[in-house]
Amino acid sequence: MIRKIRKLPGRVALFLGLGLFTVFAAFPVYWMINTALSTDTELYKTGQGFWLKLSRLGDIPAKLAEVPIFSWIANSGIVAFGTTFLSLVLAVMAAYALSRFKFHGKGLAAFVLFATQMLPEALLVVPLFALFASFGLLNELHGLVLANTAFTMPVAIFILKSAIDKIPYEIEESARIDGCPRSGQLTMIILPLIVPSVAAAAVINFFDGWNEFLFANTFISDAAKWPASVGLASFVGQYATPLSSVMTAAFLFTIPAIVFFLIVQRQIVSGLTAGAVKG
Amino acid sequence: MPRIQFDKIRKSFGSNTVIREFSADIPDNEFLVLLGPSGCGKSTMLRMIAGLTDISDGELRFDGELVNDREPRDRNVAFVFQSYALYPHMTVRENIAFPLIMDRFKGWYHIPILNSIMRRVIAKRPEVRDRVTEVAEMLELGSYIDRRPKTLSGGQRQRVAVARALVRDPSIYLLDEPLSNLDAKLRTQMRAEITALYQRVNKSFVYVTHDQVEAMTMATRIIVLSDGEVRQIGTPEEIYHRPADTFVARFIGAPAMNLIPVRLRDGRAISDSGAQEIAQAPAHLSPGPAMLGVRPEKISLAEHPGSGVLGYISAVEHLGGESVIGFTLEPSDPNRLVQTGSTETVHYARVPGTAQLTVGTKQWFSIGDANLSWFDADTGLAATPDRSGQEVELRSARTEAPAP
């Protein structure tokens, strides 16, 4: 719990600092919206104004009429939610096994999972392309889900393993005595206790999937199956870039991500403070 | 209500042997206490009874039926953990109901999401709801029933743990140092509550503790363990008055039994230095070195100076209704007479009232001839009277633990 700063000058300084930080962090978002509500003429010739021109909100559909932005966002959603779901299901089981079971090669398994984080994605694009081609996964969204899961799952495993490590064995043993089988111990006892960590892992996995560009750009050639990240990049032309349209699409692209974060952030915050409260 | 039989049970973790050989036969409805110092293997033994730890070797039987490979849930036991092990995300009601719900859970109910629905459905069944309420009322948890464990005090959490054990009506209750996290006052209260519970449910209890007061006040039978070995099995009275060896003698009682090194000669026990006669030696013991065990309450202040045993007072503790007097048999370094002295040579007497004695002075003590214990000076094993009337060679007088 943050200690209360009682003296007035301290409080003023704190709020000033936080205010500056907020402006610094939020200004690019504001400018994105401002650009989206400007015309290309303003952007390239007369210069855009500082204040939002909300009256131009009605022009947005016309700007995006030529591109299937909602379909791209839906594709991004499929990749992001698919990655999050698959990664969390596998990570929960892997983390539980790494935390609770003794088996030969446990250390090696943990190291190999960790080692996947050392390899840059770009290094694996070519071998993955060959692999995906032979499995018929190119140009498929579920192929993207698999590729992203492979990269994001180890992070989720480590987050969840450290959370499970903190749960005393006795609680599971108690459930065992009460007649609860292993699977039940995991789903009814362990999982509810690590919800904050699951939420944190979900955020990381979701944004990895949502922001994914490299694999999507390489593996998906059909424009209708592009996720929004690749779709946005396609706005950039050889001779011109319709900045206003790009920013409009980018703004729409950020909305689902913000909504997702707002939904899970309560769980994460409760997890951050859970250890600070004496039980 | 099974009879529990331990047949040459052994437990090792790799090369580390925790239980060397444990054999005992415990009848129905006993309040059995496994007593011993930390690390003696008593909790491991309890976990083996529960099925939480595998048995390396030997056989464990409930009513003659081998249970070595049975899952905990198939043993019909309840376990109260030292840390209580309550489910933090469930309310008191849900915690207590959990074993009943699990008893009614079918395999496919464990499918995620469905399991939480089925838990709620089963919890609302009248037989479950009423039983939970009944047990909660019995343990005076009614007003906390919808609270989470973290909002409860230590004693209340303890009661929830007991309620969770009680709700299934198991045949054996296993309790692993359940009072060690409570303060002294609450511990006394919970001790009485657990004893009352034992009398009420009339089932077998196996209780692990390192606290001899808990063992003496609650047990109908005690097994004293040390370094993974059974030192003695017996009722609290047997353990207290007829310890099987010097370890048990020193472990039970506060202050512990006095162990006085003596030499047996002509039917008399002479102090090691030969300076004074301590007690009459029983006729059945052979002459030679021995260890005399005397409980502190068997030593009193001599009425007439010059009779009994002369001691040099090294400590006087007034406990209100009684006094504990520490004394040595030999006046060692005069400067040390005013100190407590080495624990090896200080003996204790417990006398009623407030004894007006001064540290450093001499005092005559009387040691009654009844209820004295005699141990082999080398092995520490107790010498039991030989019924044939033959002399007992102390060096080879290995006592078998009294049969349960």
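## Surroundings of B:Leu32

In this predicted model, B:Leu32 touches B:Ile26, B:Phe205, B:Val206, B:Tyr207, B:Ala219, B:Arg221 and B:Ile223, leaving aside residues up to four places away in sequence. Two residues are in contact if their C-beta atoms, placed from the backbone, lie within 7 Å.

## Nonpolar core

B:Leu32 is also among the residues with the most contacts inside the largest nonpolar core, together with A:Ala91, A:Leu160, B:Val33, B:Leu34 and B:Leu174; this core has 158 residues. Helix H4 (residues 69-100) of chain A gives the most to this core, namely 13 residues.

A nonpolar core is a set of buried Ala, Val, Leu, Ile, Met, Phe, Trp, Tyr and Cys residues joined through C-beta atoms within 7 Å. A residue is buried if 20 or more other C-beta atoms lie within 10 Å of its own.

## Chain A

Chain A has 13 helices and 0 strands; helices (H or I, at least four residues) and strands (E, at least two) are DSSP runs, numbered from the N terminus. Of its 279 residues, 32% count as buried. Among contacts in chain A with a separation of 6 or more, 79% come from residues 24 or more positions apart. The C-alpha atoms of chain A fill a box of roughly 75 × 65 × 30 Å along the principal axes.

## Interface

On the chain B side, 21 residues are in contact with 19 residues of chain A. Strand S6 (77-80) and helix H2 (92-103) of chain B each supply at least two residues of that side, and the largest share, 4 residues, comes from H2(B).

## Conventions

Residues are numbered from 1 along each chain as its sequence is written, and chains are lettered from A in the order in which they are written. Local features need pLDDT of at least 70 and side-chain atom pairs count only at pLDDT 80 or more, while totals for chains, interfaces and linings use all residues.

Technical notes
A residue is buried if 20 or more other C-beta atoms lie within 10 Å of its own, exposed if 12 or fewer, and partly exposed in between; C-beta atoms are placed from the backbone.
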